[in-house]
Amino acid sequence: MTLIRRLNILIFICLLSELIIIAMTYIIENEYLKATLKQAGAELTNLFNKETQLEYMWGADPTFWGKTSPVLFPIVGTVLDDIYFYKGKSYSLPRHGFARNHDFKLEKQTPNQISFSLTSTESSLLNYPFHFLLTLTYTLIKNNLELMYQVKNTGDSEMLFSLGAHPAFKVPLVAGTLYADYFFKFNKVETTPRWPLSKTGFIDPNPEPLLTNTSTLPITHELFYNEALVFKDLQSDSISIKSDKHTHGLDFHFSGFPFMGIWAARDANFVCIEPWCGIADHVNHDKQMENKEGIERLAGGDTWSRKWRVEVY
């Protein structure tokens, strides 16, 4: 084989790879925003504001954390030893479940909306014994992005599950500012502790004081040196990321999620705001799925939904 032919083959392979990547990436946009999504995990990767010319999502640098906004399903957090029991049988699930590591099916797309779905398979039933249809629908509404989660129990018996969001927002947001120039603003005054996570990702039974009669929390890298901030009883249904250095930021709106995680990888330039329906196992949990804190229950044939919305400016 001549050198020129080898080079042509290499160029063809590279172009084919790029086409495959492009084919698995989707864009929705309106007058205000442009959002990019991947078929892999139905994951939001970019949210660009055309007016401010700012990108609001974390760049997924694998040096720190190679994700941007994974869906957590059918569990949130970790089960003890990655093992749980249901009706006398043992099953295994990795941290945050398996949905984020699967390719979703594109259901429909319009200029400002896109839907993806994931269904149970013979393989998934080996680790999670429930039949389901999970649908994620992203919609742009002016300078807002809304994500609707829908879970349908496609089986006959009751389905047990958890679901959580994990969007990572870029901090610092504006060039020339620092991580410590930003703060969280809760839309209600909070007095609530954090529930510590062990080094292996389990909930400690002893809460620690954190928010006391305040609606603000400074953002620092040190805030996350002891893992995520986990809350069980926030009064707020909106958390903003703001700075006194400029007028740009975001408001993250959520409702119907009983738990909240706020997290960043060590010294990384992002923060995750994570509303959860479900939570990691307690350090002394009995491993029974039916006894898992915050577990959702869905009757056969029924559909469950939750949504969050982020407004960027």
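**View 1. The second largest pocket of this predicted model has a volume of about 180 Å³.** A pocket here is an open set of points on a 1 Å grid over the protein atoms alone, with protein on both sides within 12 Å along at least five of seven lines, and lining residues have an atom within 4 Å of a point. Grid points are joined across faces, edges and corners, and a volume is the space filled by probe spheres set on the points. Around this pocket you will find Leu-93, Pro-94, Phe-98, His-102, Leu-118, Thr-119, Thr-121, Ser-123, Ser-124, Asn-127 and Phe-132. Strand S8 (113-119) and helix H2 (124-127) are the elements that give two or more residues to its lining; helices (H or I, at least four residues) and strands (E, at least two) are DSSP runs, numbered from the N terminus. By class, this lining has 5 nonpolar, 6 polar and no charged residues. Ala, Val, Leu, Ile, Met, Phe, Trp, Tyr, Cys and Pro count as nonpolar, Asp, Glu, Lys and Arg as charged, and the others, Gly among them, as polar.

A note before moving on: residues are numbered from 1 along each chain as its sequence is written. The model is predicted, so local features need pLDDT of at least 70 and side-chain atom pairs count only at pLDDT 80 or more, while totals for chains, interfaces and linings use all residues; side-chain values use heavy atoms, with hydrogens and water left out.

**View 2. The largest pocket has a volume of about 240 Å³.** Its lining has 16 residues, and Arg-95, His-96, His-166, Glu-227 and Trp-263 lie nearest the centre. The lining divides into 7 nonpolar, 5 polar and 4 charged residues.

**View 3. The largest cavity has a volume of about 40 Å³.** A cavity is a set of grid points where a 1.4 Å probe fits but cannot get out. Tyr-56, Phe-169, Lys-170, Val-171, Leu-173, Tyr-182, Ile-241, Gly-249 and Leu-250 line this one, with 7 nonpolar, 1 polar and 1 charged among them.

**View 4. Phe-184 sits in the largest nonpolar core, which has 95 residues.** Such a core is a set of buried Ala, Val, Leu, Ile, Met, Phe, Trp, Tyr and Cys residues joined through side-chain atoms within 4.5 Å. Phe-73, Tyr-138, Phe-184, Ile-241 and Phe-270 have the most contacts inside the core. Strand S20 (residues 270-277) gives the most to this core, with 6 residues. Beyond neighbours within four places in sequence, the contacts of Phe-184 (heavy atoms within 4.5 Å) include Leu-217, Phe-224, Ile-241 and Val-271.

**View 5. Two peptide bonds to proline are cis here.** Phe-73 and Pro-74 are joined with omega about 5°, and Pro-74 lies in the loop between strand S4 (54-55) and strand S5 (83-86). From Val-171 to Pro-172, omega is near 5°; Pro-172 is in the loop between strand S13 (168-170) and strand S14 (182-194).

**View 6. Ala-42 and Asp-267 each have a positive phi.** Phi is near 50° for Ala-42, in the loop between strand S2 (33-38) and S3. Ala-42 is buried, with a relative accessible area of 1%. Buried means under 20% relative accessible area, exposed over 50%, partly exposed in between (1.4 Å probe, protein chains only). Asp-267 has a phi of about 65° and, at 36% relative accessibility, counts as partly exposed.
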